[in-house]
Amino acid sequence: MACLLTNSRVANMKQPLWMSLWFLAMGLTSLPVAAKPDSLKDVTDGNWEEILTGEWMIEFYAPWCPACQQLQPVWKEFADWGEDMGVNVAKVDVTEQPGLSGRFIITSLPTIYHCKDGVFRKYQGARAKDDFLSFVDEQKWKAVEPVSSWFGPSSFLMNLMSALFKLSMFIRRCHNYMTEHLGIPVWGSYVIFGLATLFSGLVLGLLLVFIADYVFPSRRFSSPDYYQKKQTTEQARLLQEDEHEADGEDDDDDDEEEEEGDHDEVWRRRRGSPEGRPEPKGQGFSDEALRKRVVGSRDEEEEEEDT
């Protein structure tokens with residue numbers, strides 16, 4: 001009897017054990033299999049410098065572009081093959097990464113670049129998977145002229161272009177926010193941006209003037225003897241003007257003396273008779289009367305000439 005009870009207890013203990021193992025096996029089989037990491041990489045403004053090392057094929061696209069939408073399945077298949085070929089396949093959404101759009105001067109979509117150790121070449125071939133594979137495997141990229149260092153994404157010029165594109169995207173987002181969320185009319189947004197541009201230009205101009213004056217001060221005004229020399233020059237000029245005025249007064253006095261001498265000469269000539277003979281006795285005039293006659297005759301001659 002005791003043996004039967006013992007066997008029944010063992011059977012009851014084994015049943016939950018098997019059920020637990022069965023449920024555990026079912027749970028393990030039902031767990032999702034770890035997904036394969038995506039072979040297509042995303043390049044952003046924050047990690048774009050990673051493409052400067054190794055070999056890369058990069059596609060610049062926009063979600064609204066029909067040609068980009070047709071290329072996406074092909075580009076994904078090419079990315080799966082890229083791992084085996086040792087090439088990194090990436091994509092850049094220009095609507096989300098305006099800095100990279102300006103850094104690479106993207107003017108058409110989709111645009112594809114090949115990069116090998118920081119040297120960039122623009123892909124201009126067909127857009128099939130086999131064409132991409134042969135371009136990399138057969139190293140056809142060596143026949144393509146690389147992008148000049150002046151226009152490389154790491155150059156100073158392209159850094160400025162990247163900043164400009166970021167600024168333009170920021171202005172666009174501000175415009176959308178003011179018109180859509182704040183209810184400001186479109187023309188009002190344009191007026192605000194126009195005034196902001198004018199004010200920032202004035203501030204920048206004044207700042208540049210101050211910097212230029214501080215870095216390159218004028219030697220003339222910075223000289224300690226400038227104001228002393230200026231005062232000396234002004235005094236010399238005033239003295240010269242006074243001398244000219246004094247010379248002018250002397251000339252006027254000389255002219256007056258000459259005129260008086262001419263009057264005396266005429267008076268001496270006319271002391272005789274009109275025919276040039278001396279006057280008879282008893283009919284002579286005093287010097288003062290003779291002078292008046294000469295002056296009166298001169299006035300009459302001037303009046304006749306005027307008439």
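Visitor: Where is Pro63 found?

Guide: Pro63 sits in the loop between β2 (55–61) and α2 (66–85). Keep in mind as we go that this is a predicted model.

Visitor: Why is Pro63 called partly exposed?

Guide: Its relative accessibility is 44%. Buried would need a value under 20% and exposed one over 50%, so with 44% Pro63 counts as partly exposed.

Visitor: Which residues does Pro63 touch, leaving out those up to four places away in sequence?

Guide: Pro63 touches Gln69, Asp93 and Thr95. Take Thr95: Pro63 and Thr95 are 32 residues apart in sequence, and their C-alpha atoms are 8.1 Å apart in space.

Visitor: How do you know that β2 and β3 pair?

Guide: Two strands pair if at least two bridges are found between them. β2 and β3 have six bridges, in the parallel sense. One example is Phe60, whose bridge partner in β3 is Val92.

Visitor: And what makes β1 and β3 a pair?

Guide: Again, at least two bridges are needed, and strand β1 (residues 40–42) has three with β3, also in the parallel sense. Lys41, for instance, has Ala90 as its bridge partner in β3.

Visitor: What makes strand β3 mostly covered?

Guide: β3 spans residues 88–93, and five of its six residues are buried.

Visitor: Which elements make the right-handed β-α-β unit?

Guide: That unit is made by β2, α2 and β3. To picture right-handed, point the strands away from you: the path from the first strand over the helix to the second runs clockwise.

Visitor: Let's look at α2. Why is Leu71 called buried?

Guide: Leu71 is in helix α2. Its relative accessibility is 4%, and the cut-off for buried is under 20%, so Leu71 counts as buried. Leaving out residues up to four places away in sequence, Leu71 touches Glu59, Pro110, Ile112, Arg127 and Phe132.

Visitor: What is the peptide bond from Leu109 to Pro110 like, cis or trans?

Guide: The bond is cis, with omega near -10 degrees. Most peptide bonds are trans. Pro110 lies in the loop between α3 (98–103) and β4.

Visitor: Which residues of helix α4 are buried?

Guide: In α4 (residues 129–137) they are Phe132, Leu133, Ser134, Phe135 and Val136. What covers them includes β2, α2 and β4 (111–116).

Visitor: What makes Gln139 and Ile105 worth a look?

Guide: Most residues other than glycine have a negative phi. Gln139 is not a glycine, yet has a positive phi of about 55 degrees. Ile105, not a glycine either, has a positive phi of about 50 degrees. Gln139 follows α4 and lies in the loop between α4 and α5, whereas Ile105 lies in the loop between α3 and β4.

Visitor: Why are Gln139 and Ile105 called partly exposed?

Guide: The cut-offs are under 20% for buried and over 50% for exposed, with partly exposed in between. Gln139 has 39%, so it is partly exposed. Ile105 has 35%, so it counts as partly exposed too.

Visitor: What makes the link between Ser162 and Arg103 a polar contact?

Guide: Their side chains are joined at 3.4 Å, and the cut-off for such a pair of N or O atoms is within 3.5 Å. Ser162 is in helix α5 (residues 156–180). With a relative accessible area of 2%, against the cut-off of under 20%, Ser162 is buried.

Visitor: Where does UniProt place the feature "transmembrane region"?

Guide: The unreviewed UniProt entry places it at residues 150–169 and 190–216. In the model, residues 150–169 are 70% helix and 0% strand, and residues 190–216 are 96% helix and 0% strand.

How values were computed:
Residues are numbered from 1 along each chain as its sequence is written. This is a predicted model: local features need pLDDT of at least 70, side-chain atom pairs count only at pLDDT 80 or more; totals for chains, interfaces and linings use all residues. Side-chain values use heavy atoms; hydrogens and water are left out. Helices (H or I, at least four residues) and strands (E, at least two) are DSSP runs, numbered from the N terminus. Buried means under 20% relative accessible area, exposed over 50%, partly exposed in between (1.4 Å probe, protein chains only). Contact means heavy atoms within 4.5 Å. UniProt positions are given in the numbering used here, feature names are shortened, and annotations may be inferred rather than shown by experiment. A polar contact is a pair of N or O atoms within 3.5 Å; within protein, one must be able to donate a hydrogen and the other to accept it, and residues adjacent in sequence count only if both atoms are side-chain atoms.
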